[in-house]
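These notebook entries record what I looked up in one structure. I set them down in the order in which I worked.

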Amino acid sequence: MPILVFPRIPPFTDRRRSLSLTPLRCSPETVKFSTSNAGKLTDAAVLWYKSDLRVDDHPGLVAASKHTTVLPLYVFDHRLLRGFNEEMLELLLFAVKDLRSSLKGLGANLIIRFGRSEYVIQDLVKEVRAANIYTQEEVEYDSRLVVDKVKENLGDLFFEKERPEISLWSTPFYDMKNMKELPLSYDEFQRLKLHVNSPLSAPNLPGVVADFAWGPEPTLDDLKEFIEESPYKLKDSWSLIKNTSAEYVLQNDRILMSDGVTNSQSNLNSIGSQIKKKRLKKSAFVTKQGIFVGGGTSDVLNALGAYLRYFEGTARDDWQELHERLRMAESREGASFGLLFGPVLQLGVVSRRRVYNEAIQYEKDRNGGFLSPFGYSSFTIASVADHVCSREWYRLLASRSQVDSTKRYSTRYWRWKGHLIQYTVMGCEGPAILLVHGFGAFLEHYRDNVIDLVEGSNRVWAITLLGFGRSEKPNVVYTELMWAELIRSFIIDVVGEPVHLVGNSFGGYFVSIVAGLWPALARSLVLLNSAGHYIPGYSSVPPFKERKSTGIAWLGARGLSFYLRLSFRNLVKRCYPTKTDRADEGLLNEMVRASYDPGVLVVLESIFTFDPSIPLNYLLKGFKERVLVIQGMKDPISDSKTKISVIKKHFKDIAFKELDAGHCPHDEVPEEVNAIIREWVVNIEGRPEKLEESAEEGRRVASA
């Protein structure tokens, strides 16, 4: 049970106080808090809950239970709720309500507050003179910032020369003593054959502190009102962009049905009506939309039991309902678990260890107490075990990056739809540039571009897309529209302003989709040997095609993986025809490392379903004189000469630069590409009429 202690924190002098949504009321079960040691630290401990909303398998609660007084706390903090849609807010409220009930069952209660966590905790520590504050260790950058703010504020507190200590805890899947010793290859990690730690039982807690304002449980309307006051609230036009799917935007250019609803919309409405029609009193789907499993820990574990026992007959209505949802969510084998249970795992209503333990125990029950060396006996057990083990691996990778001092620049993690996404950012002023890599690459593919572009007075972000590098590789159906939606959300949630989009290979096609569907997010585009085609006169959008995994894609991905591991070094070097030494061991080794990550075969399947049928010129038609094509003319993958010839003849508004390089000119000749991009950004920023055209086009699309 690792607990990291931070006894000394630098001072933080901002004195804004915490907010309260509604007047606080005292719990009826109250007695006086002792003041016999006024001025000194007491043995009280504050347990600060964030994304660990449970009492089961909770190392922080076990550690806090050793104190004479335990004060569990949940703070509704705008920064920690960023990105939560209404359904996630509902799931959060159900979880908080169950957490309070569970704590009361252990002899405690839950303090509920609204505001900035650092001020809430500082005030609480001063009031009860708590010696210790326990909270879960975080890997997401925004959450880590909030924890750091709490540490800074606690540094101001002195109790007769004593300071309170903040202790970070985790729920380790494996017994890893030192994160620096974590093998970066999942293949090497598996060879360690580490034992999965058993989950902890909830401890008994000392009695509640009385005469204390515990705080009321808010309603959904209360919480929505609080969110409306958030300084991080998106402006209406960007909120609409973020909540509109790529497919829905494309529907505007398709022929509408007589009733004004497209086929795909009808399918979505049909699913929604089925969900509403079959809601049960004991349903595991507790929110209004009813898409995800929700409730408290026991509710989720009951739903997990139903999921695992999919192949067993049952007369229980709630289990039958979950089995039907499983079938609806199974876009590919095993994908349903992550879709249905992902949000409650993100909120920490159950721990990954507990979920894994339940799956393995059920497998043993099916097999007379034994585990087969040849795999699990049902796809539901495999889905559960694979999902939580995969999530734990990527959490370990993210934690490892926090202590890695070998990188040229620090990396951060952002969560998108529950998945960890790696990125980096540099620069303090100037225009915003976002660098997007191609298929099989990662943010380090821009290793010699980021710093140079920053030195040109720009702010630069580089992202590792879902399914690549050290970002998660979940069991989902990967499409070009999904990756475009990820980039869109990153611009809105992380960058926070329109950007100059730079994309290489497949990344060039992804950023073109972003610019074409949500032009308000892009100031200009730079395409580096981009995937996609230019088709003069093209004026329509292909019909919607539902993407599903096929047997051909399944076999193809495995064959491709085997082939790439044998020959990828030569393949990569071919993409650097003028400077093969640029395809060095650092780049190649990270590609090898990523090829062993859990979920990589699912990503490779997308190659066989990738659909670049919408031409680049159709996507970029609203970006007059704001598109730059940088083409390595020795590209072994595409016909660079034909592409440039078509641009010259038919698309006069698209600027282009021809370079003596291959498929990755930004990495093969970074000095040339950096100089071109810096000059391009300066020119675009110096033409306000073009940027106003972009803003106007964005407003037009947002209002459509």
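Is cysteine 575 buried or exposed? I found that cysteine 575 counts as buried, because its relative accessibility is 11%. Here buried means under 20% relative accessible area, exposed over 50%, and partly exposed in between, with a 1.4 Å probe and protein chains only.

**Entry 1: basis of the values**

I note that this is a predicted model, in which local features need pLDDT of at least 70 and side-chain atom pairs count only at pLDDT 80 or more, while totals for chains, interfaces and linings use all residues. Residues are numbered from 1 along each chain as its sequence is written, and side-chain values use heavy atoms, with hydrogens and water left out.

**Entry 2: cysteines**

I looked for disulfides, a disulfide being a pair of cysteine sulfur atoms within 2.5 Å. The structure holds 0 of them. Cysteine 575 is accordingly in no disulfide, and the nearest cysteine sulfur, that of cysteine 664, lies 5.2 Å away. I also checked cysteine 389, which is buried with a relative accessible area of 14%.

**Entry 3: the sheet**

I traced an open sheet of 8 strands with mixed pairing, in the order S7-S8-S10-S9-S11-S12-S13-S14. Its edge strands are S7 (412-416) and S14 (654-659), each of which pairs on one side only. From one strand to the next, the twist averages 25 degrees. Strands (E, at least two residues) and helices (H or I, at least four) are DSSP runs numbered from the N terminus, and two strands pair if DSSP finds at least two bridges between them.

I then followed one pairing in detail. Strand S9 (residues 432-436) runs parallel to strand S10 (residues 459-463), with 5 bridges between them. Alanine 432 has arginine 459 in S10 as its bridge partner.

Which strands does helix H18 touch? Helix H18 (residues 506-517) packs on the sheet and touches S9, strand S11 (499-504) and strand S12 (522-528). The direction of H18 makes about 145 degrees with that of S11. For these angles, axes are lines fitted to C-alpha atoms, for helices over the stretch in contact, and the angles run from 0 to 180 degrees between N-to-C directions. Contact means heavy atoms within 4.5 Å.

**Entry 4: salt bridges**

How many salt bridges does a search of the whole structure find? The search gives 36, a salt bridge being a side-chain nitrogen of Lys or Arg within 4 Å of a carboxyl oxygen of Asp or Glu.

I examined glutamate 392 and arginine 395, whose side chains meet in a salt bridge at 2.9 Å, N to O. The two are separated by about one helical turn because they are 3 residues apart in helix H15. Both glutamate 392 and arginine 395 are buried.

I next took lysine 417 and glutamate 485, which meet in a salt bridge at 4.0 Å, N to O. This pair links distant parts of the chain, 68 residues apart: lysine 417 is in the loop between S7 and S8, and glutamate 485 is in helix H17 (residues 480-495). Lysine 417 counts as exposed at 59% relative accessibility, whereas glutamate 485 counts as buried at 12%.

Arginine 569 forms a salt bridge with glutamate 585, the closest N and O atoms being 3.1 Å apart. Arginine 569 lies in helix H19 (residues 551-574) and glutamate 585 in helix H20 (residues 585-595), so the pair ties together parts 16 residues apart in sequence. Arginine 569 is partly exposed, at 32% relative accessible area, and glutamate 585 is partly exposed at 43% relative accessibility.

I also recorded a network of salt bridges that links Arg447, Asp448, Arg582, Asp584 and Asp667.

**Entry 5: two loop residues**

Where does serine 606 lie? I located serine 606 in the loop between helix H21 (600-605) and helix H22 (616-619). Serine 606 counts as buried, at 4% relative accessibility. Not counting residues up to four places away in sequence, serine 606 touches Phe439, Tyr478 and Trp483.

Glycine 440 is in the loop between S9 and helix H16 (450-454). At 36% relative accessibility, glycine 440 counts as partly exposed. With residues up to four places away in sequence left out, glycine 440 touches Phe468 and Met591. Glycine 440 and methionine 591 are 151 residues apart in sequence, yet 7.2 Å apart in space, C-alpha to C-alpha.
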